[in-house]
Amino acid sequence: MIVHVLGSMAAGGNERLCLEVIRRAPADQPQALVTIDPSPEGPLSELFRAIPNLQFYHQPYSRDARARFVVRLACLLRELSPRGVISYPFGLHLLISLASKAVPGCRFITHVGNPPAIDGPRRELFRNIVRASWWLNTPLYFCSKTVGDQFHALGARIPRHSRAVPNGINIDALRGAAARGRAARTKRGPIVGMVARLDAIKDHDTLLAAFSMVRQHHDGAELWIVGDGDRRPVLEQQTRERGLSASVSFLGVRHDVAEILGQLDLFVFSTTVNEGFGIALAEAMAVGLPIVATDVPACREVLDGGSCGALVPPRDSLSLSAAISAL
């Protein structure tokens, strides 16, 4: 058995990666999913529960009861007796790793989905987490070479067997679903879209500013924003203030992302230096969409230095609007 330990069933890159890893496992490989968020449900719950024979467990984590969390998770893992544990929440993987040591011979890896902080106290925190990971012999699987390089730059000893394993997508399934979405399209367009969580790691603000300029030259253009997060109210307010309510749609968390990609004319990925990979960026590439993305290390890696999509400077709405209009 392989046990996947997930922070929550939100709709971020970690959760979508975990979903795809479980889906693609051999049919005869027993798997279990353990969620540690206080709430056992989330936007992707329906998709996880549709996976045949996947066992579900909930072991809520609390900062005030760390020791109790480790003991309870260790007891569960001893009962399941997995041959491997994959942890997705970085930082908390230290506690999950401790719990996994209750199972003799159990292998453990943790997925790392974002780069460390650039400076300040949080950078030192990341450095200490890496040191603790080395001490616990907990390999780190970085979502991209970019993230791996940035962790190595911390100067802390990286655990043995750590490596970059780029996030994966199911290309054939994506292309088939996108084709169905394209065939069902009724909008005239052009339709610009971005798929991402609405949080501080992304940069929807610059996208909205750029799209406001795009609308001055393309009256019929629409912007579809797929995803949800704590910045949604702020972004919706910006949309109203810019007079874009009629042309910008907030679609929320969707389970038909590939079909939506098939209806777009152009994919935009406006993000920050804190981006780790961008699964949605790879999905847009897979279905053949023209792409404009922010020129940050992760996007540069995924887009092969700009040969697979246009790259524009960070937080530059003028350059972004020009690239969108040109494509």
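T206, S270, T294, V312, P313, P314, R315, D316 and L320 line the largest cavity of this predicted model. On a 1 Å grid over the protein atoms alone, a cavity is a set of points where a 1.4 Å probe fits but cannot get out, and lining residues have an atom within 4 Å of a point. This is a predicted model, so local features need pLDDT of at least 70 and side-chain atom pairs count only at pLDDT 80 or more, while totals for chains, interfaces and linings use all residues. Residues are numbered from 1 along each chain as its sequence is written, and side-chain values use heavy atoms, with hydrogens and water left out.

**Cavity**
- The volume of the largest cavity is about 30 Å³. A volume is the space filled by probe spheres set on the grid points, which are joined across faces, edges and corners.
- The structure holds 1 cavity of 30 Å³ or more.
- Its lining splits into 4 nonpolar, 3 polar and 2 charged residues. Ala, Val, Leu, Ile, Met, Phe, Trp, Tyr, Cys and Pro count as nonpolar, Asp, Glu, Lys and Arg as charged, and the others, Gly among them, as polar.

**Second largest pocket**
- The second largest pocket has a volume of about 540 Å³. A pocket is an open set of points with protein on both sides within 12 Å along at least five of seven lines.
- Its lining has 24 residues, and I2, V21, I86, I109 and Y141 lie nearest the centre.
- Two or more lining residues each come from β1 (2-6), α1 (13-24), β4 (84-87), β5 (107-112) and β6 (140-142). Helices (H or I, at least four residues) and strands (E, at least two) are DSSP runs, numbered from the N terminus.
- Strand β5 gives the largest share of this lining, 5 residues.
- By class, the lining of the second largest pocket holds 14 nonpolar, 7 polar and 3 charged residues.

- V21 sits in helix α1.
- V21 is partly exposed, at 33% relative accessible area. Buried means under 20%, exposed over 50%, and partly exposed in between (1.4 Å probe, protein chains only).
- V21 touches H4, Q31 and Y88, leaving aside residues up to four places away in sequence. Contact means heavy atoms within 4.5 Å.

**Nonpolar cores**
- The largest nonpolar core has 79 residues, and F48, F151, F267 and L281 have the most contacts inside it. Such a core is a set of buried Ala, Val, Leu, Ile, Met, Phe, Trp, Tyr and Cys residues joined through side-chain atoms within 4.5 Å.
- Helix α11 (residues 279-286) gives the most to this core, 6 residues.
- F48 touches L6, M9, E15, C18, L19, I22, L33, L54 and F56, not counting residues up to four places away in sequence.

**Aromatic pairs**
- The whole structure has 6 aromatic pairs. Rings of Phe, Tyr and Trp (its six-membered ring) pair if their centres lie within 6.5 Å; planes under 30 degrees apart count as stacked, over 60 as edge-to-face and the rest as tilted.
- F90 and F126 are stacked, because their ring centres are 5.7 Å apart and their planes at 15 degrees.
- F90 lies in the loop between β4 and α4 (93-100) and F126 in helix α5 (residues 121-135), so this pair ties together parts 36 residues apart in sequence.
- F90 is partly exposed at 24% relative accessibility, whereas F126 is buried at 10%.
- F267 and F269 also form a stacked pair, 6.3 Å centre to centre with 15 degrees between the planes.
- F267 is buried at 0% relative accessibility, and F269 is buried at 2%.
- F90, F126, F142 and F151 form one aromatic cluster.

- T146, V147, G148 and F151 are buried in helix α6 (residues 145-152).
- The buried residues of α6 pack against β5, α5, β6 and α12 (297-302).
- S97 lies in helix α4 and is buried at 1% relative accessible area.
- T110 belongs to strand β5 and is buried at 0%.
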